[in-house]
2 protein chains.
Amino acid sequence: MKSYSIGIDMGATSIKLGLVDASQTIVNRKNIPVDHYQSPEEFFSAVERTVRNIFEESAVCAEDISGIGIGLPGCVDSVNGVVRDLTNMQGWRGENIPIAATIRERLGISIRIDNDVNIMTIAEWHIGAGKGCKNLICCTLGTGVGGGLVLDGKLYRGSTLTAGEIGHIPLFYMGEPCNCGNRGCLERYVGNAAIVARTLCILQERPNEGLIIRQLIESEDKQLTPKIIFDAAQKGDSVACEIFRTTGEYIGVIFSGLVNTLNPEKIVVGGGVANAGNLVFDPIRETVSRYAMPVATEKLQIVPATLGDDAGIHGAALYGSGHDV
Amino acid sequence: MKSYSIGIDMGATSIKLGLVDASQTIVNRKNIPVDHYQSPEEFFSAVERTVRNIFEESAVCAEDISGIGIGLPGCVDSVNGVVRDLTNMQGWRGENIPIAATIRERLGISIRIDNDVNIMTIAEWHIGAGKGCKNLICCTLGTGVGGGLVLDGKLYRGSTLTAGEIGHIPLFYMGEPCNCGNRGCLERYVGNAAIVARTLCILQERPNEGLIIRQLIESEDKQLTPKIIFDAAQKGDSVACEIFRTTGEYIGVIFSGLVNTLNPEKIVVGGGVANAGNLVFDPIRETVSRYAMPVATEKLQIVPATLGDDAGIHGAALYGSGHDV
């Protein structure tokens, strides 16, 4: 009886693997550090070894597994199970890597792959904050800004399987150049690097403000991180609070356009910046409520993701075992 | 045998009705001028009278009609056949008018209603420029800027049936206030009124430019219209050409965000401004090609609508007779 599935969440610093039972509980989990998957060949070996390890520890075998899902940080051809481009992974660039076929051959288990944001969307939609939604936007805020779309009760992938890049909607007309080739993209203003840069800029402009944040920078290796900005905001630092408010307003303006276009019933927001909670959700909600069309916001909720770091394993396991519609 | 359908296209200046045969040819057409439908009651009487007139002229009866579709310029509850709000129609405001039920009762024929942009989208998708597309955005450029979405081979309406309002995606961050409540909306910069206002502004700023356009304004009642700007651009007027270029760039920036988000295979553009042809399509295409993500534009085409003023009748007839998925 195939009562388990395996979810594999490949990130830039580690791969998380989880054996998931029929009640969607992760009953065994493993991590593969980044130095073990510097190339596709290392990736295949490390994944095979770790899955066999899980099998042994949990006394299951390939016949017990309904499928393996893999979420990857980049451009994925989910139909053919091929990785097109993992921009942030050295050693993986510019190749069409047949991940699904290779792992399938090595383990004898059915494999499906997709990009990490679609995988997170599947998780939040089936067992997380977006459960039961017919029309749902999932947004991840972190180094990058990603999006997954559930439309008319189905994960929407688009014509070349690249839909959902809401981080690359222009926020400022002909604004800052973005890595994607566009200008003024949302990601360029609310990605981690942008938040840190904007904070440093304000600290320099206003030497008498941001005292708490300055103390925290001093005490933590003099390196400003989004986490420090969040901690400072929690302690009432005016600059840090302003940064999250502006970030929320920026996101809210883009969401207002998305709400007018896609009229979803829910927007689920996850990722690092979303951990700032109401510091960022309040300005997002206020901006959307003020600027999106009233008829489009009648049923709208904007809520935090609920699965946290496990969304990647859960979504991949659900997807691998056939859940994506 | 039900081999005909009827399409009704209600606009701000007239209602167009067409009897459409099985080969999608409009075999009889009528117009109702705006002074005959100043209120819902007048609308019902005028439509009933005109349909019966068509029946008589074309020797058909209710039994020959598979359905009537009606496209309306405003906010429509297509599921319940009720008009929520026709903003631009005096005498129709703030009421939930059961159009479908009333006409059905009077004529004994099945009725479906939707907003005019969804109706145009259905027409272009089934028999026009978007024929055969799985993922399609239709955009109308005129007094307002509207959008209809076909996603995964289905007209996408959203959670409160209001999806597709791409004219109300912010182009300029916290830009000009828009009637919709938002700021900086696309429509505020490329709607007819905006194009005329921008042209007048440039003419005032640069007294030595735009000589052709100035002549045309003088010769046509001194009232600047988008048509005059188009005619002047055709004759090489520098200001008029600049206006269409800027308009195309504005549209292109919003399209680049839409392409990154929805990854359609085609964007069909119709409405008055689209009649400017390459004057506006060239800058739209150049901007999208430059700024949207390359992988999202691999299969993308941006093309003019092909059904022109008949899209409303065709789309309504198709929709009324059951075509919408």
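This is a predicted model: local features need pLDDT of at least 70, side-chain atom pairs count only at pLDDT 80 or more; totals for chains, interfaces and linings use all residues.

Residues are numbered from 1 along each chain as its sequence is written, chains are lettered from A in the order in which they are written, and side-chain values use heavy atoms, with hydrogens and water left out.

Chain A is superposed on chain B by a rotation of 180 degrees with 0.0 Å of shift along its axis, at an RMSD of 0.0 Å (least squares on the C-alpha atoms of residues with pLDDT of at least 70 in both copies). The two copies are therefore related as by a two-fold rotation axis. The C-alpha of A:F172 is the one in chain A nearest the axis, 3.1 Å from it.

In the interface, 50 residues of chain A are in contact with 50 residues of chain B, contact meaning heavy atoms within 4.5 Å. Because 100% of the interface residues of chain A are also interface residues in chain B, the copies meet through the same surface. Between them the chains bury about 4,000 Å², 58% of it on carbon and sulfur atoms; buried area is the accessible area (1.4 Å probe) lost by two parts on being put together, summed over both.

Two salt bridges cross the interface of chain A and chain B (a side-chain nitrogen of Lys or Arg within 4 Å of a carboxyl oxygen of Asp or Glu). The side chains of A:D152 and B:K154 form a salt bridge, at 3.4 Å from N to O.
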